[in-house]
Structures are given as structure tokens and as C-alpha cells.
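This report walks through one protein model, from its surface to its helices, loops and charge pairs. Keep the sequence and the 3D view open while reading.

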Amino acid sequence: MGGINHLDGKNLPSKRGVTSITCDLIRLLFPGFFDEQLIHSSEIKVETTALLDSVLGKLEDEIRKSLEYNPPNGLAKSNIPQEAHKLTIEFLASLPKVREILQTDIEAAFKGDPAAASKEEILVSYPFVEAIAVQRLAHELFEKGVPLIPRIMTEWAHSRTGIDLHPGARIGTHFFIDHGTGCVVGETAIIGNHVKMYHGVTLGAKSTAGGQQLRGIKRHPTIEDRVTIYPGATILGGETIIGAGSTIGGNVFIMDSVQPNSLVIYDGLDMRVLSKLDKSTAVDFQI
């Protein structure tokens, strides 16, 4: 069964190694929250420098292996080590930007969940935090064209949290998935700012029957700003756009675009689309 053997070829990135690096990156993003001992403010520079240096060496090695496995067009074999170093430095330079966006996600989670007692509780206990932190890190590597590693990272988070966020998905600020279990966000999905989702939501493709012929084509929906999507909703298709300010009710199945400020509900028999701006047709619903 040679198709599932990997022998006598280039060494692949280590799944265990990438997992270890991802854990260290989470520690860098949230100092003190995922460490066994409290970090004093006077030690933060020394601790951060040491951890960054460790991540730099390990990540550069894994990126080098991934580039050797699948080198970008035009990259000479002799230049792979230099390219791996450059990509690693660029990625680590993006961590402050990732931290800024994650702060908006934590804020959205705290404001959007009355059960949250504090932001500390969200950080140490909500699976969403781990899932979105890893996705945002992996997305940076995905955008730089690094093979294999971004998907290893997000699938590790998926196995831990039950939340499947593809590293290719473009996700805006103030994003929050409440509960989270069973959510799926596909590779070409685009999510705007201030979007809230609940468990069991799927942002998927209408069909994958075309297989590899669909690679690079937008297959997943666009969710505009300030949209709320309730549990069990399924939204499919690359041309499907959920307009800004809309609310998508639980268990609906959508394959067509929805105008801004819409309320989409399933009453057990039919799916209905109402305008949240027209109170005469939405009098029974809180808008």
C-alpha cells in the first residue's frame, strides 16, 4: 500500500513538534494564563525573550521541513533554509497584531455571555479561546503559503475543542462562538466584525463533488458585520452572503443570500425571512 507510506522522501513536519510549538505560542499570546507558575511583571521581558527564542528555533525547523516537502514555485532547494528563517521571523513579528485582535474576541465573549463571571474565566475555561487563538495564528502561516503546519495546528485545536475553524477562513474582530461544540467554518469563508455564533453552526460548501477541481474557488459563505447565528444553522455556498445586522435562527438551512437586517426563522414547517426593519411583519420577535 505505497500510497499511505512515506518512506525515503523528505522528512515531514512533526505533528508532536507543531503541537508543542502551538502550546508555546498560546503562552506568548496570553502570558501567565497557561503557565504552571505566575509570571511576575518584572520577569515578563526575560520570560518572553526566552520563550520566543525557543519557538524561533523549533518553528523554523518545522517550516524548513514543510518547504522541503512542498517548495513554492521558483524557490531553489539551496534557498529553503533562508526562506524558512524569513517566514519564521515574519510570523513572530505578527504576534502583537494577533494579540490585539484576540483582545477584541475576549471582549466580545465577555459582553455577549451573561454567564461569564470575568474575562479570566473566559480565558482559562472557554474552548472558544483556544480555537480562535490557534486559528488566528495558523491563518498567518496559511497566508504566507506555509504547507501542512497551519492545518496541523487547527486540527489539533479541533480535536481539543470540537470547533473546526479552517486556517484559510478570514475572520474579523470581536468574534465569539458561544458553547462552540460542532461548529465548522470552511476554508474560504469570510466573517465580518462583531459576529456571534452558537454551537452546531456550519459555514460550508454547497457541494464538494468536484473534488480537487474546486481548489482555490470560493466555496463557503460570507457573513457580514453584526450577524448572530443561532444553534444548528447551516449556511452553504461561496456566493451566499448574509447581510449585515441579520439574525439567523436555529436549525435553518440557507443556500441563498439574505438582505441586511433580516430575521431568518424556521417554525417547524417552513423557513421564513423577515425584515427586522419592518416591525409590522416581525412583531412577535425581539429585534
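## Surface patch

Leu12, Tyr69 and Leu148 make up a nonpolar surface patch, with about 240 Å² of accessible area together. Patches are built from residues with over 30% relative accessible area and no salt bridge; like charges are joined within 9 Å, and nonpolar side chains (Val, Leu, Ile, Met, Phe, Trp, Tyr) within 5 Å. Accessible areas come from the Shrake-Rupley method with a 1.4 Å probe, and for residues only the protein chains shown count as cover.

The model is predicted: local features need pLDDT of at least 70, side-chain atom pairs count only at pLDDT 80 or more, and totals for chains, interfaces and linings use all residues. Residues are numbered from 1 along each chain as its sequence is written, and side-chain values use heavy atoms, with hydrogens and water left out.

Helices (H or I, at least four residues) and strands (E, at least two) are DSSP runs, numbered from the N terminus. Tyr69 is partly exposed, at 42% relative accessible area. Buried means under 20% relative accessible area, exposed means over 50%, and partly exposed lies in between (1.4 Å probe, protein chains only).

## Helix H4

How far apart are the end C-alpha atoms of helix H4? They are 25 Å apart. The helix has 18 residues, 95-112, and at 1.5 Å a residue it should span 26 Å, so the two values agree. The expected span is 1.5 Å times one less than the number of residues.

One set of H4 residues is buried: Leu95, Val98, Leu102, Thr104, Asp105, Ile106, Ala108 and Ala109. What do these buried residues pack against? Their partners are helix H1 (15-29), helix H2 (44-69), helix H3 (80-93), helix H5 (119-125), helix H6 (127-143) and strand E3 (176-178). Contact here means heavy atoms within 4.5 Å.

Glu107 is partly exposed, with a relative accessible area of 24%. Lys111 is exposed, at 67%.

## Salt bridges

The structure holds 16 salt bridges. Each one is a side-chain nitrogen of Lys or Arg within 4 Å of a carboxyl oxygen of Asp or Glu. Side chains of opposite charge can pair when their charged atoms come close.

| Pair | N to O distance |
|---|---|
| Glu90 and Lys86 | 3.3 Å |
| Glu107 and Lys111 | 3.6 Å |
| Arg272 and Asp267 | 3.9 Å |

Both ends of the Arg272 pair are partly exposed: Arg272 at 37% relative accessibility, Asp267 at 44%. Elsewhere, salt bridges that share partners join Glu83, Lys86, Glu90 and Lys144 into one network.

Glu90 is partly exposed, at 33%. Lys86 is partly exposed too, at 37%.

## Loops

Ala169 lies in the loop between strand E1 (164-165) and strand E2 (170-171). Is Ala169 buried or exposed? Ala169 is buried, with a relative accessible area of 1%. Leaving aside neighbours within four places in sequence, Ala169 is in contact with Gln135, His139, Val185, Gly186, Glu187 and Ala189. Its C-alpha atom is separated by 5.3 Å from that of Thr188, 19 residues apart along the chain.

Two histidines have positive phi values. His174 has a phi of about 55°, although it is not a glycine. His174 sits in the loop between E2 and E3 and is partly exposed, at 23% relative accessibility. For His194, phi is near 60°, also positive in a residue other than glycine. His194 lies in the loop between strand E5 (190-191) and strand E6 (196-198). At 45% relative accessibility, His194 counts as partly exposed.

## Cysteines

How many disulfides does the structure hold? The count is 0. A disulfide is a covalent bond between the sulfur atoms of two cysteines. The cut-off used is a pair of cysteine sulfur atoms within 2.5 Å. Cys23 is partly exposed, with a relative accessible area of 32%, whereas Cys183 is buried, at 1%.
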